[in-house]
Protein chains: 2
Amino acid sequence: METHSTLLERRTNLLGPSVPTFYEDPVHIVRGKGVWLWDNSGRKYLDCYNNVPHVGHCHPKVVEAIYNQSSTLNTHTRYLHEGILDYVDHLTSKFSEKFTSAIIACSGSEANDVALRMAQVISGNKGIICTDNTYHGNTSLVSQIGSRTVPIGGYSNIISQIPSPIGTKTRYDKIDENENEKLANIVQEKIDEFQESGVGLACLIICPFFANEGFPTLRKGFLEPIISKVRAAGGLVIADEVQPGFGRVGNNWWGHQSIGFEPDIVTLGKPMGNGYPVAAIVSSNENIGIFRKRFRYFNTFGGNPVAMAAAQSTLKVIEEENLVQHAYTVGQRALHKLNNLVAKYDCLGVARGSGLFFGAEVCDGEGNPDAHMTKLIVNSMREKGVLINSLGRHKSILKIRPPLPIENQEIDFLINTLDEVLDSLARSHN
Amino acid sequence: METHSTLLERRTNLLGPSVPTFYEDPVHIVRGKGVWLWDNSGRKYLDCYNNVPHVGHCHPKVVEAIYNQSSTLNTHTRYLHEGILDYVDHLTSKFSEKFTSAIIACSGSEANDVALRMAQVISGNKGIICTDNTYHGNTSLVSQIGSRTVPIGGYSNIISQIPSPIGTKTRYDKIDENENEKLANIVQEKIDEFQESGVGLACLIICPFFANEGFPTLRKGFLEPIISKVRAAGGLVIADEVQPGFGRVGNNWWGHQSIGFEPDIVTLGKPMGNGYPVAAIVSSNENIGIFRKRFRYFNTFGGNPVAMAAAQSTLKVIEEENLVQHAYTVGQRALHKLNNLVAKYDCLGVARGSGLFFGAEVCDGEGNPDAHMTKLIVNSMREKGVLINSLGRHKSILKIRPPLPIENQEIDFLINTLDEVLDSLARSHN
């Protein structure tokens, strides 16, 4: 068995420098089952981070579907095959009526890359509005709307960022009941700038849960004035459901249903095949057709029978195990328990989230974001066998996002461990 | 069992209009094994098209590797795992010494998207030179260097196309022994234009087999003067090995070895996981490091343990079954037999290709490209149970590219069927 330092050295040599791992003491994971992971020494970790193994690590039905189809046939979509048709039929039944058709790709990045160009072709314009603390993927185009790194040659004039929403549950910022109206005015300014420069508005792209922004608590209908401005200018709305989709946020299949709006294009990724690389762009037949005609888009691996078997079995497990409702019920209880910790510890600001994607602000003595303390908490949790992480503009919001089949007793283990960690950090701090 | 027309209607509704299938009478494939495919009526087809199932459809060792790893663990690369390290170690051992490191992605498109930006970051310039009849993928950036569709907003000033090489075996064009020197001069003109406009030269990207260009016959060293110009201007050379890689062209693992040059960055895709969506960018540790540092690139599905198990088992099968040598031996024999048909039929111009990627020009009475006749041949072959296709600027070159484990008796079936088809078409033509 190789040591961590050997593995880290090999990573630097084989994958290049600057390839980070999670946690100060990285975890060498060798096995997974349900919501649990095991490291090379046989130690068990509760996985409260990974949303890709959506229905649980190594779900036997998904594994079986992948095995059966891999043993039978795997080829591209220039031949006829029921797999992709049955899946898209099933998938679109989870959306409102206008979402009838889909393009299947391999990754959320590919899906967003297609969605942006689809909006550009349909609108006849190039301008893209996004938030200022987001991530939608890693292609040349899509990485430009992330805020992590400056694109080659600087930011493009076709991309305009608006502030991320603050919401109604935070100790970090002043809460403003008219936040959405103010954001709508900023959107209008960006639209005007696009129109003045000749770029024009193609679309607004958002994660409807604003996950990377720190999943602010937003009331249903919050986005209405913003979306009105986009639509009035002929722009399309892209909902990037890579993170909130497939029931993650509870009670609804999609984040856009939870916050209450109807996008024009929806993109899907990570959880779609429970780990098999598969992603989708869902829209109306007309929109999909306009894009396909313009770009003659073909994706070699996209929609292959194994990808579709993985995605279909994942979808069926979500239904059979009632996981959309489960995410709500278990998530509500978890958030309630997390709120108890918020009441108990000064270093926690406000708890927020929905379904099985939740967390809490970590604050310093003045209630400001405390990234250092957040890191301590995340690493201490890892030491105690619970894997979580952090996100948000200040990297100061705990990110808790377990596979959906997590049960109450496992939530209790998570919360109790967090209680212990916070207690211990509070003592060492005083 | 659904009829073809039902399936085609469902495709239009669910996948959008303008989603073509191969062949006038599309094939509804339900099962694959080795070099054979079966349709829904139980009819058997010799697969002489698919390069993705590189070691054969549903190879039991690859299926087993996917099954075992899918049952054990599938997660991302922010944890330590030997799978990605062992694979990159094994993969880079097939390259010359400077290729020590890799980034793992999901598709050839993602790989080329990364490679282009890597060249841009390293060179500090943006200009990309490619050929005028090529395809390197479907992201927003990469699709712009394809020649299939005009990019949104027209062709970018960072992309410059040079003519595709003609080579030394063709009836279509005049053969020019100094073709490479002339192409080198054109490359120099493009470089000068890039420098004058302030874009500068980032890279030349080529498929070293010029597959989509119609795989012209080029002597070893053909590219030397072209590459000299690129290097003298500080540009990098990207070899897109998605099609020729992994032994496809026989005797060598990579197309760039066959034509005799050393690229700076190599991209891999389609055959890498025998159908599992996986791709790679291979280069020096330094080059990979510069890109990673600049873009903090992370790919959720890229390099996951199942992808690496699929890729590793594919690589091992290539070795165990000696497929690189096999591709050469069987391919040489196939080309010899194809040459006999060229001698026999006026409608075939010249046979060309290497290893298990070969074909022949289809000509009209004057020796010009005959796309119509090519279509007739491809569709008649399908009717007789052999799947091939066409490519090249005029869609007039037969594209024959079976899984590598094809045996001589199957090649004989291919050639005999082609003989029958050509004979029948010649009779109906006269």
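Visitor: Is A:Glu361 buried or exposed?
Guide: This is a predicted model. In it, A:Glu361 is buried, with a relative accessible area of 0%.

Visitor: And which residue does the side chain of A:Glu361 meet in a salt bridge?
Guide: A:Arg352, with 2.4 Å from N to O. A:Arg352 has a relative accessible area of 5%, so A:Arg352 counts as buried, the cut-off being under 20%.

Visitor: Which residue is paired with A:Arg333?
Guide: A:Asp412 is the partner, and the salt bridge spans 2.9 Å from N to O. The two sit in distant parts of the chain, 79 residues apart: A:Arg333 is in helix 11 (residues 323-344) of chain A, and A:Asp412 is in helix 13 (residues 408-429) of chain A.

Visitor: What does A:Arg333 count as, by accessibility?
Guide: Partly exposed, at 26% relative accessibility.

Visitor: Chain B now. What does B:Asp25 pair with?
Guide: The side chain of B:Asp25 forms a salt bridge with that of B:Arg382, at 3.4 Å from N to O.

Visitor: Which of the two is buried?
Guide: B:Arg382 is buried, at 3% relative accessibility. B:Asp25 is partly exposed, with a relative accessible area of 33%.

Visitor: Different topic. How many salt bridges are there between chain A and chain B?
Guide: Four. One salt bridge joins the side chains of A:Arg10 and B:Asp89, at 3.6 Å from N to O. A:Arg10 and B:Asp89 also belong to a network of salt bridges with B:Asp86.

Visitor: What about polar contacts across that interface, how many residue pairs?
Guide: The rule finds 46 residue pairs in polar contact between chain A and chain B.

Visitor: Which helix of chain A gives the most to the side that touches chain B?
Guide: Helix 1 of chain A, with nine residues. The residues on that side of chain A divide into 44 nonpolar, 37 polar and 18 charged.

Visitor: And what area is buried between the chains?
Guide: About 8,600 Å² between chain A and chain B, with carbon and sulfur atoms giving 58% of that. In terms of contacts, 99 residues of chain A touch 99 residues of chain B.

Definitions and conventions:
Residues numbered from 1 in each chain as written. Chains lettered and ligands numbered in written order. Predicted model: local features only at pLDDT ≥ 70, side-chain atom pairs only at ≥ 80, totals over all residues. Heavy atoms only, no water. Helix = DSSP H or I, 4+ residues; strand = E, 2+ residues; numbered from the N terminus. Buried < 20%, exposed > 50% of the residue type's maximum accessible area, 1.4 Å probe, protein only. Contact = heavy atoms within 4.5 Å. Buried area = accessible area lost by both parts, 1.4 Å probe. Polar contact = N/O pair within 3.5 Å; in protein donor to acceptor, adjacent residues only side chain to side chain. Nonpolar A, V, L, I, M, F, W, Y, C, P; charged D, E, K, R; others polar.
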